[in-house]
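Hi,

Here is the structure I promised to pass on. Have a look at it first, and my notes on what turned up follow below.

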Amino acid sequence: MARARTKPRTAGGESVFAERFALFAECLLTGVWIAVACLGVVTYPAALAAGARHLHRRIAHEGGGLREFVADFRVAVRRGWVVGLAGWAVAGAVRVDVQAARAGIPGGPLVGAIGVFAVIGAVVALVRAAAVWTPDAGWRALLAGAGRRTVLDPAGSFLIIGGLAVVAASAWFAAPLAVPVLGAVVAAAVAVEERYRHR
């Protein structure tokens, strides 16, 4: 008599496939929440941090939803808006560098390339910092640690860069597609940080 094939089940009783699909759907929904929270222009660090906390809770099978996301966002934005403002200032400085490179100023291409690489590194560090944010953590310490990990863990950093490239490509293809993909990038950053922590 043939044995009935059984599907692998999680502790909650659902199939592994169902759990993974639910997590993927949660990432897409979180991307929408993050995009809405970013509408404040300087609120993007807090939005990323709240999204990462939500996904941490989802992975740990803890309760949490939009209410908890909003609560985390409110805490993160208290000092996170300064980080967001500084990020826009850095982006503005890099834009000036790129314009100088295009204008044919001597040494301009080198300065422009350095500026572009610096802003990519800063974005990766910010995403990594947001992935480990907690309500009692200070942004300065988070960014310093994330900057070190960005350099010391190039594989993880390149994974995040790849995710950001997918967001950019999605926005180029059809802008609304980039919104849910933001959640997948944050989920990738959470996974990268967990991998680094257990090395």
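**The pocket and its surroundings**

The largest pocket is lined by 25 residues, and Tyr44, Leu48, Val123, Leu126 and Val127 are the ones nearest its centre. A pocket here is an open set of points on a 1 Å grid over the protein atoms alone, where a 1.4 Å probe fits and protein lies on both sides within 12 Å along at least five of seven lines; lining residues have an atom within 4 Å of a point. Its volume comes to about 870 Å³, counted as the space filled by probe spheres set on the points, with grid points joined across faces, edges and corners. At least two lining residues come from each of α1 (16–37), α2 (44–59), α3 (66–102), α4 (108–131), α6 and α7 (175–197). The largest share is that of α4, with 7 residues.

Before you read further: this is a predicted model, so local features need pLDDT of at least 70 and side-chain atom pairs count only at pLDDT 80 or more, while totals for chains, interfaces and linings use all residues. Residues are numbered from 1 along each chain as its sequence is written, and side-chain values use heavy atoms, with hydrogens and water left out.

**The chain as a whole**

The protein chain has 7 helices and 0 strands (DSSP runs, numbered from the N terminus: H or I of at least four residues for helices, E of at least two for strands). Of its 199 residues, 35% count as buried, meaning under 20% relative accessible area with a 1.4 Å probe, protein chains only. The C-alpha atoms fill a box of roughly 80 × 40 × 35 Å along the principal axes. Take the contacts (heavy atoms within 4.5 Å) between residues at least 6 apart in sequence: 65% of them join residues at least 24 apart.

Asp153 sits in the loop between α5 (139–152) and α6 (154–173). Asp153 counts as buried because its relative accessibility is 1%. Setting aside residues up to four places away in sequence, Asp153 touches Arg128, Val192, Arg195, Tyr196 and Arg199.

Thr150 belongs to helix α5. With 15% relative accessibility, Thr150 also counts as buried. Beyond its neighbours within four places in sequence, Thr150 is in contact with Gly121, Val124, Ala125, Arg128 and Ser157.

Cheers

Technical notes. Buried < 20%, exposed > 50% of the residue type's maximum accessible area, 1.4 Å probe, protein only.
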